[in-house]
Each structure stands twice: as C-alpha cells, then as structure tokens.
Number of protein chains: 2
Amino acid sequence: MKRYIYGIDVGGTSIKFGLFDLSLALIRKWEIPTNTTEYGRYILDDIVQEVNQHTPLLDEVFGYGFGVPGPVVKNVIHICVNLGWVDMDLPALLQNRLQNDNIYVGNDANVAALGEAFLGAGHGRQNVAMITLGTGVGCGIVVDGRILEGYNGSSGEIGHLTIPQQNPFLCKCGKKGCLETVASATGITNIYTRMKQGFLAYSVLNDVRKVTAKDIFEAAQQHDILANEVVNEAAFYIAYACHVLSVSTNPSVIVIGGGVSNAGLFLLDKIIVKFHELAFTPTLQTQIVLATLGNDAGIYGAAGLVIQHG
Amino acid sequence: MKRYIYGIDVGGTSIKFGLFDLSLALIRKWEIPTNTTEYGRYILDDIVQEVNQHTPLLDEVFGYGFGVPGPVVKNVIHICVNLGWVDMDLPALLQNRLQNDNIYVGNDANVAALGEAFLGAGHGRQNVAMITLGTGVGCGIVVDGRILEGYNGSSGEIGHLTIPQQNPFLCKCGKKGCLETVASATGITNIYTRMKQGFLAYSVLNDVRKVTAKDIFEAAQQHDILANEVVNEAAFYIAYACHVLSVSTNPSVIVIGGGVSNAGLFLLDKIIVKFHELAFTPTLQTQIVLATLGNDAGIYGAAGLVIQHG
C-alpha cells in the first residue's frame, strides 16, 4: 500500500530528507552531508541508500520530489554548479533504483516557494512568489498552483535584477548593481559600508569590529540612526522587488524568507510601507508576509511536486 | 460541420472581428464601432448580430474568443472602464445566444501577446512576453503556451512599474514615475520636454510646434543630438522593462509592439544594446523582436484562446 512521499532538498552542503504521509503531514526529517567529490557522482547512491534504510518497502512510497540548486526545465536539471551536475535527467536515473515512476525535480528556490505557497505562509493560495534573502537573493514563483520555470529555468532570478544606483556594487554574477548586492545579508553590509563614509554622527556600529547584517538590524531596532538608514535603504530595494513581481506575475501573496527575514516584523513593516508607495493600485492588496517553514520549505515543496503531478 | 473560429477584439472605440478556419488561417476581418452608451449594454447585441450576419449557420462555429480592455480572471471580466462593464461573465451571457459552449475571454494585452506568441513574432514559442508601446504601455505574458493572468488579472502591468528617477512624471493611474510616463508615445514627449530645458545647442525639433514621438524618432534618425538623447533614454526604460520580464517570467522572446514600435529597427537596436548591458547572463539569449501582426494580434490571440481551451 502506498503510504509515503519523499521530499528531498539537495543542497551543496547537506541533503535534507522529509518523509511525509499522503496528506503531506511530515512524519520524519533528517539530513546527511552532501558528497560533492567527483562531480557529485555519489549523491544518488547516498540518496538511494537513505531511502532504503528508512523505508525498506519501496512499494510503500507513492513518489519522490527533489529540489536542486540550479535551473530545471520540465524535470531535467540543466546545471548544478555546487553539486557538479550537468544536464541530468534525475527521474530517469532513479526510476529503476527506486522502483518508482513518480519522480519530480524542481529548482530549490522554486520548490521552496511551492512549499510556502501550499503549506506555509501562502495558506494554499494559487499565485504566490517567495523572495529568499540569505547570503544571496533567491526567488520562486508559483502561478495557478504550479512552479513558473520559464524557458530556460531562469524565472524568478530577481536577485539579479539591476537596480539603477550610483556606484553600484559588483555582483558574483559579474554584473554590477544586482538586487543581491544590496538586499542579501552581504548586500546590507555593502550599504552600511557605503553609507558610513558620509555619516559623521555617532553610531553604535562604530564600536563593532566586523559589522554583520544581524548587527545592523539589532542597532536599528535600538534606534541607531545610521543603522536605521541602512535598513530603510535595503527595505526599499526589497519592496521594489515585490513591486516588480506584483506588476509582472501578480501574486496574491509574496513570502519573504531566508536569514535576513529573521529581522521579522521590524523589517517586514518597512518593506510593506515602501511597497505601498510603489504599488500600482490594483496590486495594493498583494500581501507581503514572513515565511513560516524556515529551512523545511524545500522538503515540503519537493513533496508538494509529487502531489501536484502524481 | 464545425469550420469557423471567431476571434473578437472588443476595444473602447471599435470591435474587431476575425473569422478564422480551424487551422487559424484568417478568412475575413472587419470592424464595427463600439456602442458604449448605457454602460455598454448594446455591445453584446451588436456582436451577436454581426456573427449571425457573417455566419448564418451558428452550428458551423467551433468557438469564440474575446479580448477585452480590462482585467480578466478565469473567463470572468472584472471591469472594463472603457466599455462600462463590471463583473461580467461573458461566456455565460453569450452561451445561449450563440448556441455554443466554447467561449473564452482574456485581457486584450494578454490576448495580443498570445496572438504574437503563436502566430506572429513568437513563431510558436511557449514562453513569450509582449510589450505594447502606444499611448500607454501594455504587456501580456504567455507561460508554457498559456496566458499568465495573475491572481486578480493584474499580471503584465509593467506599464505601471515605478522607475526611480528625479522629477518623475505623474501617471494617469495617480502614481508618479510609472514606465508609461517615459516609454509610451506620450512618455517620449515627456522626456523631450524635460530634456530640452537643459539643452542649449540647436535641434531641428526647436522648429516644430507640437512635438510628437514620431517627430522625435524622425529627428533622431537624422542624427539630431537632442532627439537621439531622448530616444536613448526611452530605449533604456524599455530595455529595463525587458530585463524585469526576463528575470521574473523568463520568456524566450519579448515582442515589442504598438505605435511606438513603428520606429522599427532603429529603436529595437538601441533596446537590445541596453538590454544586454542590464541582463543576467542566463537571460542574454532572450530575443527582443518587433511585433508582426500589428492591430490584428488581438483577433489572432482571441481565436487562439479557443484552440487552447477547445
């Protein structure tokens, strides 16, 4: 009898496993380190071994969903730089070994958005976008309950939206002025570095040796003027990304997740105020909310892929 | 025997009819003025009468597709200010009168994008966006061969993307700095008006009484410096809109249509150069092309809706 669904989030550092029942209630979750040696050739072996260990009767598994860190179009992985994978048809490679035809794969940011859309902050809405503010800026878009992949898997690459600004920062992608350089954790320290040069008054951050985004948010909440100006500027850029999403794909909910979103309502309120200043009237009702699934969004969304297709 | 499909583009000034065969070859097209009196209550009568006149055997019609100037979600029209229509279930209202269940409706910009995607400049691609630069700026987005409507029909409202700039112009929507105020025909004259104040050298446009976008493009092609700077600035904004679409919905083709696009390759080349400066590497292959269906994109796309659903 079919009783389980696997949601598996394959990251560059760890592989997260979620074992769900057929109603997508989480039964158990665990993770193992990702073995990226030899172009990630051992990753599939490790996954199959874990699955066999936790569910010896493979017959009981209804299907498997995967999130991977790279562009995916129609169940085929184009490239995952962090894993060493190129042009990989994951379902075809696992079909026999897992004795299952229900195998689906999506980009990790998209899959996380699907998780939040269905089971997290999206509360089952059909049109949801998620912006993940971590060391980089990720984004996934769900349209009519399905992941929007785009023609080559570059949908939701809003982290590389160019923000016209004076003296833009260089992005890891090679371009200057990407959203990621002013809205990720690193981006927020970039703004701080730029802004403190012209700031002559006292700031508690002057006494901090290596200022992090977390320091900046804490200082801002303590009413430090410089820190507040930094957070305000970052909030504007995040709000601008929300505005871009609202006039392009028109989601009913935009979910803000990732480490930076740990600043919580303090940051969210600023984003919402600035979004309302930018928003086209019919998109004013777009809700902007904090993610609720944290690091589990990926395994939930991956499992959701199976329900969606299966 | 079913042999016809209607594509009907309902505008505020005229209703365009396209009679197609089942392979979407255009048999005949014509238009009638739109009677918007009494909240557009006579429009449906006029449509039914035209259809009966041109295809007396309603049995021969496979289906009807409509484009309307307002937000549409799942076949229900929310509002068409120009027609006087509010919350109108067009298929339900026409089902009996046209003796047909195959009736579909979409927003006009979206439907035009579908027309260009399938039968125009998109050459049958599945992921296409279209930007229409007319008196306003419209946009339609096709994802996996289907119109992206968004949760309340405001997808592709890129005309109301706020462009951060000094001294932004007021938009008809009430907001300041919308793309429409700097990229539509009016928008291009806005840029001219702003730019000529600081321009001290001679321009052929000095001798023109009421400068239009057409005048500006003509002067630019004659190497007028001021006119060229105006066109360059407008081209940057249009390229920015293309960039926004490419990092959000990731189309393989972006079609530029509308009156402003009559400036042709002269404008297109400038847009492409600036797009490449802004683009995230994986979106560099996104093609930007001129529309090919002109004013017929709406009837083609409306007919396409029928094929898609029928």
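Contact, in what follows, means heavy atoms within 4.5 Å, while helices (H or I, at least four residues) and strands (E, at least two) are DSSP runs, numbered from the N terminus. The structure is a predicted model, in which local features need pLDDT of at least 70 and side-chain atom pairs count only at pLDDT 80 or more, whereas totals for chains, interfaces and linings use all residues. Residues are numbered from 1 along each chain as its sequence is written, chains are lettered from A and ligands numbered from 1 in the order in which they are written, and side-chain values use heavy atoms, with hydrogens and water left out.

We can start with an open sheet of five strands in chain A, whose order is 3-2-1-4-8 and whose pairing is mixed; two strands are said to pair if DSSP finds at least two bridges between them. At the edges of this sheet stand strand 3 (26-33) and strand 8 (103-107) of chain A, each of which pairs on one side only. On average, neighbouring strands of the sheet are turned by 15 degrees against each other, direction ignored. Within the sheet, strand 1 (residues 4-10) and strand 4 (residues 61-68) of chain A pair in the parallel sense over six bridges, and Asp9(A) has Gly67(A) in strand 4 of chain A as its bridge partner.

Two helices lie across strands of this sheet. Helix 3 (residues 90-98) of chain A lies across strand 4 and strand 8 of chain A, running at about 145 degrees to strand 8, where axes are lines fitted to C-alpha atoms, for helices over the stretch in contact, and angles run from 0 to 180 degrees between N-to-C directions. Helix 4 (residues 108-119) of chain A lies across strand 1, strand 4 and strand 8 of chain A, and its direction makes an angle of about 105 degrees with strand 8.

A further open sheet in chain A has three strands in the order 5-6-7, with antiparallel pairing, and its edge strands are strand 5 (72-73) and strand 7 (85-88) of chain A. Strand 5 and strand 6 of chain A are joined by two bridges, and Val72(A) has Ile77(A) in strand 6 as its bridge partner.

Not counting residues up to four places away in sequence, Ser203(A) touches Asp224(A) and Leu226(A).
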